[in-house]
Amino acid sequence: MSEGRQEYDVVVVGGGPGGSTLAALVAMRGHRVLILEKETFPRYQIGESLLPSTIHGVCRMTGVAEKLAAAGFTPKKGGTFRWGANAEPWTFSFSVSPKIAGATSHAYQVERSKFDNILLEHAVEKGAEVRFRVSVTDVLEDGDRVTGVRYTDADGAEHEVHARYVVDASGNGSRLHKRVGGTREYSQFFRSLALFGYFEGGKRLPAPNSGNILSVAFESGWFWYIPLTPDLTSVGAVVRRENADKIQGDPERALLALIDECPLIKEYLSDATRVTEGQYGQLRVRKDYSYHQTTFWRPGLVLIGDAACFVDPVFSSGVHLATYSALLAARSISSSLAGIVSEEAAFTEFEARYRREYGVFYEFLMSFYDMHVDENSYFWSAKKVTRNQHTELESFVELVAGVSSSEFDLDGAESAALRMKSKSAEFVSAIDEMSADAEGNMTPLFRSSAVRQAMQEGAQVQSRAFLGEDLGPDVPMFPGGLITSDDGMLWQPGPA
Ligand code: FAD
């Protein structure tokens, strides 16, 4: 039996956090959205430590934040690092600034099977349609334009679906990213490999840091130690490329040998047992995960999340980049479909903002991998960049948390929102001041103009999520660029 022509406004390939966030945002604008997902949900995924900007920014805009709050994920108040020249662990808290009341100064450590499922179900609730066990194999084209996708269903039958926009949110293993043009460029600096598994009965950091990510550098690389539930811990060794032989052969033996090299992780796992059954039963290896596609869009096709780029996991930026790029692309699609701005302008804005955000993490991470300095040097560098009156530790936290902490003051209801608005303005002007040192030179840690813009944009996203129209008029991020609508869902032409 032949099927009729299938047509949607938007087809999203992949139902991970990038795909489901985009689908929810575009469906909320009344567009017909189809998500095509290869697996059956819930399904396993790595990337369990989140940032406040995802939870309190983008997830608030889609309306899923309350569901996440009710899901019982481990609150993550910050990070604990045995990192750099100091032999002792040091801790940062998202709420380190005394000005922040703390209601949004946390993220979550999540079991991705649950987190991704909540986001996907939410997208469906917002109006998106989803099909599982369908694998997208290629795009359909009409001249230069992508006009849909070809996919194979669980029975091996081939289908075509047409759309005005195709969003590739199919992650690291994307089959479509080449079809956008350009190439996938792998980082020469971040070339590590990761070997990871799950343990029951691992120790916890003392309260109030028991939900923190613990990151421990050792001779061959570093470990992550993420408390997913009171009993379950995600443990991964990230080893430098020159030590790749250490994760060859039997993975069980390799992981145990690496744990042996790292006394702090060994102590934390001294009473623990490795999980050997279910979704967490297998040891997994990932490599070649730091890259970016040289082009992020062409007419009718856009890449978001890991399909477009990813960089080293030490600051847990993956889900943040996936959901933030989803927001940017959703604005571009909705504005273009509504005829508010041209497609070219909308997607140029998407790509510029996305590349800048990726660049900020990339540049900062490069400086963070200097192991010959202690944490005071990282903090000092951060204070030099931000040039604020806070302590060096607070300055560091403001950088690694994006804008998650310092523009919020949520200890009351309406009055707090107004206070936040004025704090946000103060914060943005403080960021403005930081772009040069006293002599007017660009600050050295990383491209300060990019940091300034990223922090301003993050401030806007989070403030808009709380304040909506009360935030006041937006300003373009780039000369001649676009601004966001009051509700943050669309682009608009900048002031003439
Ligand atoms: P994904 O989560 O990969 O989702 C893509 C979806 O597309 C999947 O469901 C897949 O089944 C589907 N799909 C794939 N191909 C097809 C197809 N052909 N047709 C249909 N569907 C398809 N990030 C963090 O935020 N915190 C961390 O602590 C963290 N740790 C990490 C550790 C390591 C070692 C690595 C490698 C990454 C880590 N990340 C972390 C990054 C994180 O895993 C990703 O950035 C994030 O999952 C990207 O989300 P996404 O929606 O782009 O893609």
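**Notebook: strands, cores and a ligand shell**

I started at Y291, whose bridge partner in strand 21 is F310. Residue numbers here count from 1 along each chain as its sequence is written. The model is predicted, so I kept the cut-offs in mind: local features need pLDDT of at least 70, side-chain atom pairs count only at pLDDT 80 or more, and totals for chains, interfaces and linings use all residues.

Strand 18 (residues 291-293) runs antiparallel to strand 21, with 2 bridges between them. For the record, strands and helices are DSSP runs numbered from the N terminus (E, at least two residues, for strands; H or I, at least four, for helices). Two strands pair if DSSP finds at least two bridges between them. The sheet is open, has 3 strands in the order 11-18-21, and its pairing is antiparallel. Strand 11 (184-186) and strand 21 are the edge strands, each pairing on one side only.

**Strand 12**

Which strands pair with strand 12? I found strand 15 (residues 232-239), antiparallel over 8 bridges. L193 sits opposite V239 of strand 15. Strand 17 (residues 284-287) is also joined to strand 12, by 4 bridges and antiparallel, and there A194 faces R286.

I then checked burial, where a residue is buried if 20 or more other C-beta atoms lie within 10 Å of its own, exposed if 12 or fewer, and partly exposed in between, with C-beta atoms placed from the backbone. In strand 12 (residues 193-200), 7 of the 8 residues are buried, so the strand is largely enclosed by the rest of the structure.

**Cores**

I went to the largest nonpolar core next and noted 96 residues. A nonpolar core means a set of buried Ala, Val, Leu, Ile, Met, Phe, Trp, Tyr and Cys residues joined through C-beta atoms within 7 Å. V11, L22, V167 and I304 have the most contacts inside this largest core. Helix 8 (residues 343-368) gives the most to this core, with 11 residues. Why does the core lie between domain 1 and domain 3? Domain 1 (7-73 + 110-186 + 291-356) and domain 3 (373-480) both give residues to this core, so it lies between them. I note that the domain bounds come from an automatic or database domain assignment.

Another core, of 28 residues, lies apart from it and includes V216, L258, Y268 and L269.

Back to V167 for its contacts (C-beta atoms, placed from the backbone, within 7 Å). Leaving out residues up to four places away in sequence, V167 touches V10, V12, V13, G19, L22, V302, I304 and A329.

I also picked out V58, which is in helix 2 (residues 52-62). V58 has 28 C-beta neighbours inside 10 Å, so I count V58 as buried. V58 and V11 are 47 residues apart along the chain, and their C-alpha atoms are separated by 21 Å.

**Ligand shell**

Which residues come nearest to the ligand? I listed G14, G16, G171, G305 and G318, out of 37 residues around the ligand. The elements giving two or more residues to the shell are helix 1 (17-27), strand 8 (135-142) and helix 7 (318-337). A residue counts as near if its C-beta atom, placed from the backbone, lies within 6 Å. I sorted the shell by class: 13 nonpolar, 17 polar and 7 charged residues. Here Ala, Val, Leu, Ile, Met, Phe, Trp, Tyr, Cys and Pro count as nonpolar, Asp, Glu, Lys and Arg as charged, and the others, Gly among them, as polar. Domain 1 and domain 2 (193-287) each give at least three residues to the shell.

Most residues other than glycine have a negative phi, and most peptide bonds are trans. I still found a cis bond from F41 to P42, with omega near 0°; P42 is in the loop between strand 2 (33-36) and helix 2. A207 and P208 are joined by another cis peptide bond, with omega about 5°, and P208 is in the loop between strand 12 and strand 13 (213-218).

For phi, I noted R133, not a glycine, at a positive value of about 55°. R133 is in the loop between strand 7 (129-131) and strand 8. Is R133 buried or partly exposed? I count R133 as partly exposed, because 13 other C-beta atoms lie within 10 Å. S316, not a glycine either, has a positive phi of about 55°, and I placed S316 in the loop between strand 21 (309-310) and helix 7. With 23 other C-beta atoms within 10 Å, S316 is buried.

Terms used
Two residues are in contact if their C-beta atoms, placed from the backbone, lie within 7 Å.
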